[in-house]
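Hello,

Here is the structure I promised to pass on to you.

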Amino acid sequence: MATELKSLFKDQRLALALKAALFAGFFGFAWTGGFAIVPVFVFIVGASLLYFVPLLGSKKYLASFIIFIAVAITSGVSFRAVAPFPVLALINAFFFFILLGLKNLLFVHRARSHLLFFLANNYFFTLLVFPRGGASQFFLRAMFVFCAVFFSFHEYLIASQLHKEKNKIAKLGAAVAAMIAVETMWAASLLPLSSVSGAGMTFLATAAATDLIIRREQSGTIGTRAALINLTVLTLLVLLIFTATNWSI
């Protein structure tokens, strides 16, 4: 029995790895076509087929899939001139494999894997849409970040079953995390920081907020010790970002 389960697990990993390789192929098609409308449409259709077949479990991680596809397309457009195709294709294929692993119950510790995927996915999304043109660009991009954090963190809370009253509490926690992400991005956009540093600040604040919200859902309260640890780590890492930044006025 153990041998059969091990063989099944191995076969599933190979099947998901093949899907990830096919995803990289669709990404390559969009890359070759310069991410024009038709190649991007083919990429989206191909990626959707790979994700939705089989249909079981697709709805559970739908928000993560949509945000990930947006990240993949935007990364290809933004980094096409500076990053080699194999690097971007490999990174996107790896994340697609993780997403498929969550959907198909590949991982033993799914909640932890889902949380790491959520944080990484939203970091890259924030990096790609981080406002570079001042207030004129901020509001639309802030709306994108708010929606990305809200829907994907709400998805995590629902999937992890950390709450007792499903949607009501999950939506409140997701809204708080999304607001903190947007407010931090706004503060970072006012400073002479690079997109990487600004997105890093937003990521750190979002990670600290989601950690406290998760602790609240798990134990019913946020301990003083946990709050102080999060605040201290966040402060030290933000100071590290400031120290590594070349300031200019």
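**What I found in it**

The structure holds one cavity of 30 Å³ or more. Before going on, please keep in mind that this is a predicted model, in which local features need pLDDT of at least 70 and side-chain atom pairs count only at pLDDT 80 or more, while totals for chains, interfaces and linings use all residues. Residues are numbered from 1 along each chain as its sequence is written, and side-chain values use heavy atoms, with hydrogens and water left out.

**The cavity**

A cavity here is a set of points, on a 1 Å grid over the protein atoms alone, where a 1.4 Å probe fits but cannot get out, and lining residues have an atom within 4 Å of a point. Grid points are joined across faces, edges and corners, and the volume is the space filled by probe spheres set on the points. On that basis the largest cavity contains about 60 Å³ of space.

Its lining is made up of Leu119, Asn122, Tyr123, Thr126, Val145, Val149, Ala181, Thr202, Phe203 and Thr206. Two or more of the lining residues come from each of α5 (110-129), α6 (135-160) and α8 (195-219). Helix α5 gives the largest share, four residues. By type, the lining has six nonpolar, four polar and no charged residues (Ala, Val, Leu, Ile, Met, Phe, Trp, Tyr, Cys and Pro count as nonpolar, Asp, Glu, Lys and Arg as charged, and the others, Gly among them, as polar).

One of the lining residues is Thr202, which lies in helix α8. Thr202 counts as buried because its relative accessibility is 2% (buried means under 20% relative accessible area, exposed over 50%, partly exposed in between, with a 1.4 Å probe and protein chains only). Leaving aside neighbours within four places in sequence, Thr202 is in contact with Thr126, Phe130, Ala181, Thr184 and Met185, where contact means heavy atoms within 4.5 Å.

**The chain as a whole**

The protein chain has nine helices and zero strands (helices are DSSP runs of H or I with at least four residues, strands are runs of E with at least two, and both are numbered from the N terminus). Of its 249 residues, 45% count as buried. Among contacts between residues at least 6 apart in sequence, 71% join residues at least 24 apart.

As for confidence, the mean pLDDT of the chain is 85, and 89% of its residues reach 70 or more (pLDDT is the predictor's confidence in each residue, from 0 to 100). Confidence is lowest in helix α1 (residues 2-32), with a mean of 81, and highest in α2, with 96. Where pLDDT is low, the predicted coordinates should not be read in detail.

**Helices α2 and α4**

Helix α2 (residues 37-52) packs with helix α4 (residues 85-103) at an angle of about 35 degrees, their axes 10 Å apart (axes are lines fitted to C-alpha atoms, for helices over the stretch in contact, and angles run from 0 to 180 degrees between N-to-C directions). From α2 the contact takes in Ala47, Leu50 and Tyr51, and from α4 it takes in Phe96, Leu99, Leu100 and Lys103. These residues divide into six nonpolar, no polar and one charged.

Ala47 of helix α2 counts as buried, since its relative accessibility is 0%. Beyond residues up to four places away in sequence, Ala47 touches Phe23, Phe26, Phe65, Ile69 and Phe96. Ala47 and Phe26 are 21 residues apart in sequence, and 7.3 Å separate them in space, C-alpha to C-alpha.

In helix α4 you will also find Asn92, which counts as buried at 5% relative accessibility.

**Loops, and one more residue**

Two backbone details may interest you. Val53 and Pro54 are joined by a cis peptide bond, with omega about 0 degrees, and Pro54 sits in the loop between α2 and α3 (62-79). Phe35, in the loop between α1 and α2, has a positive phi near 55 degrees although this residue is not glycine. Phe35 counts as buried at 11% relative accessibility.

Finally, Phe79 belongs to helix α3 and counts as partly exposed, at 29% relative accessibility. Apart from residues up to four places away in sequence, Phe79 touches Trp31, Leu88 and Leu128. Phe79 and Leu128 are 49 residues apart in sequence and 9.7 Å apart in space, C-alpha to C-alpha.

Best wishes

Conventions. On a 1 Å grid over the protein atoms alone, a cavity is a set of points where a 1.4 Å probe fits but cannot get out, and a pocket is an open set with protein on both sides within 12 Å along at least five of seven lines; lining residues have an atom within 4 Å of a point.
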